[in-house]
Amino acid sequence: MSSETMTLFSPALAARFDALVDKYPLRRSALIPMLLYAQDEVGYLSDAVIAEVAHRIGITELDVRNVATYYSMLRFKPVGKYNIQVCTNISCMLAGAYDLFERFQEELGVGNKGVTADRIFSLEEVECIGACCWGPAIQVNYDFHDELKPDLVPGLLDGYRGKALAEGSGKNA
Amino acid sequence: MPRLVSHPDEVKIVSRRFGQGAAEIDRYIELGGYQAAKKCLDNGPDWIINEMKASNLRGRGGAGFPAGMKWSFVPKQSAKPKYVLVNGDESEPGTCKDHLIFLHDPHAVIEGTIIAGLAIGAKTGFIYLRGEYRYLIEIMEKAVADAYARNILGKNIFGSDTEFQVVTQTGAGAYEVGEESALMESLEGKRGIPRIKPPFPAVVGLYGGPTVINNAETIATVPHVITMGAEAYAAVGTPRNGGTRLFGISGHVERPGVYELPMGYNLKKMIYEVAGGVRGGRKLKAVVPGGSSTPVFLPEEIDIGMDFDQVGKAGSMLGSGGVVVIDDQTCMVEFALRTISFYQHESCGWCIPCREGTDWLKKSLTRFHAGFGSMSDIDNIQYLAENMMGRTFCPLGDAAAMPTIAFVKKFRKEFEDHLNGKPCPFAREGVPQLTVV
């Protein structure tokens, strides 16, 4: 496969990659950012994404997988369009994160690492996200929601659901 | 946007520009920004390092190593390029101070990076942020682009013939990458497995070149040290502990938040006055003084000054400045379990004592919290944790073991209350009870 003829990357992502590799003394320094940016666009690190990143960096697919499996944000299966990450680490736990996590499970009808049938949402219990003084805190994809109480969960979900439906579907998750 | 707090006892140095719109370069310059870097460009490396040494600024990441001394270890002559690496992988549970720095004062990070570069003779600085901080990475990227547009970064900084480049980098989720050698591995596009030391990064670091690695708060403090003068900065703190600290107070307090207080500020006062005391008028049970890896304090142990030396002497660590306050309705076995679960999740598996130790501790504590523990388990948990100490490449093993030992030693009675099939005495509604599978 040549990246010029068969590519999963959008022109914007390809351009970002080309700009990125030039910034470092070593090309493979771009690997981890590229995996994350590719995941943002494609939804997860599919075999094809891994192959393309390996090709573009100039390392083997095995090498890419070896690195990718280390990082908790990188995933190998699709998630919902909106991935809800509830921090339950100590500060958030003390602020009521488990009540919050339970409420999300009830509202979505899925457990930890579950994906809703409409693929709009997925739910994940995560480690500290660096919002300890504003807990309980969650991230929906990259957006932080601080001091989130269980009663606010239905409204939050409605907001994202409305956005997803307006955009078409849970596709591209 | 995270809530900002304030208290009359605060001495705002690093947080001086928070909430002032200083993420915009014009505003930053209007507020005195980039003057310190210019001054350093005029005065040269030896002057900068002497100022840094005199300031008693110690590493804000957790270890508290004197920043000026760290910079002075970098060899003047080097065949390989030298680098500055800013550690913004903020991942220590209880810690969210760098979050605010990147959000409100990204140019202070850039300016501190330039000064570190001038001090050691580096032409490139990398600013590495944890991947979860995407919106902050975007703020940093914009700040860097703005600085290039003004020739504050580039081939000829401030119109001089000195070059300095800054590159921002995203992580992708890994606590361990906050360890300096793992951070370098990650930036080189590898798994964040720590390197054996020596050689230390000051000699052989990023891409094999001499490298200074500092926490983002340390770096953001540097321009203020230069502006205020080292002596004035040092005078704010206690002996050998210069300046202020961004203390993140979280957990069961009335007014959680990030407060900038002088080094050596009394912990009890911090909890009861600055943060408004224990939430809901409850009683204090325990305090984690500097992020989840630091040994817990009992209420009778908190009448101490919060600097590296005093907290160290009291048997814990000032760490990352994340003060976690725990009330009397909290189960310490559950708290210990949640803490060790984190380290078990984050252990990279490279060193066996850490990989196996964290896993067994999690298993034991899970069983224990569910009421299936035995008296000998209590000693075994402590024994296991003690045998992880000092037996791993990086401090993650110690970080998991230290708090565990303290939990068992200081809350033994609570562990005993979970014995013989008794359910957790603190079980709250809505909290899923852990069960043995």
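## Chain A: order of elements and overall form

Read along its sequence, chain A of this predicted model follows the pattern α-α-α-α-β-α-α-β-β-β-α, which amounts to seven helices and four strands. The C-alpha atoms of chain A fill a box of roughly 50 × 35 × 25 Å along the principal axes, and 44% of the 173 residues of the chain count as buried. Among the contacts in chain A with a separation of 6 or more, 63% are made by residues 24 or more positions apart.

Chain A is divided into two domains, with domain 1 covering residues 11-68 and domain 2 covering residues 82-167. The C-alpha centres of domain 1 and domain 2 of chain A lie 29 Å apart.

## Where the two chains touch

The contact between the chains takes 53 residues from chain B and 38 residues from chain A. On the side of chain B that touches chain A, at least two residues each are supplied by α7 (134-149), β3 (165-170), α8 (180-187), β5 (244-251), β6 (257-262), β10 (322-327) and α13 (332-346). The largest share of that side, six residues, comes from α13(B).

## A four-stranded sheet in chain B

Four strands of chain B form an open sheet in the order β6-β5-β10-β8, and the pairing within this sheet is mixed. Strands β6 and β8 (284-288) of chain B stand at the edges, where each has a single partner strand, so one side of each is left without a neighbour in the sheet. From one strand to the next, the twist averages 30°. Helix α11 of chain B, made of residues 267-274, lies across β5, β6, β8 and β10 of chain B and runs at about 135° to β6(B).

## Strand β5 and its partners

Within this sheet, β5(B) pairs with β6(B) in the antiparallel sense over six bridges, and a hairpin of five residues joins β5(B) to β6(B). Along this pairing, B:Leu246 stands opposite B:Glu260 in β6(B), while the bridge partner of B:Thr244 in β6(B) is B:Pro262. With β10(B), in contrast, β5(B) runs parallel, and four bridges join the two strands; here B:Ile249 has B:Val323 in β10(B) as its bridge partner.

In a regular strand the side chains alternate between the two faces of the sheet. In β5(B) both faces are covered, with B:Thr244, B:Leu246, B:Gly248 and B:Ser250 buried on one side and B:Arg245, B:Phe247, B:Ile249 and B:Gly251 buried on the other. Because eight of the eight residues of β5(B) are buried, this strand is largely enclosed by the rest of the structure.

## The largest nonpolar core

The largest nonpolar core holds 180 residues, and those that touch the most other members are A:Leu35, B:Leu85, B:Val109, B:Ile115, B:Met270, B:Val287 and B:Val325. Helix α6 of chain B, residues 106-120, gives the most to this core, with nine residues.

Leaving aside residues up to four places away in sequence, A:Leu35 touches A:Leu45, A:Val53, A:Ala68 and A:Leu74 in chain A, and B:Ala172 in chain B.

How values were computed:
Residues numbered from 1 in each chain as written. Chains lettered and ligands numbered in written order. Predicted model: local features only at pLDDT ≥ 70, side-chain atom pairs only at ≥ 80, totals over all residues. Core = buried A, V, L, I, M, F, W, Y, C linked by C-beta atoms within 7 Å. Buried ≥ 20, exposed ≤ 12 C-beta atoms within 10 Å, placed from the backbone. Contact = placed C-beta atoms within 7 Å. Domains from an automatic or database assignment. Pairing = 2+ DSSP bridges. Axes fitted to C-alpha atoms, helices over the stretch in contact; angles between N-to-C directions.
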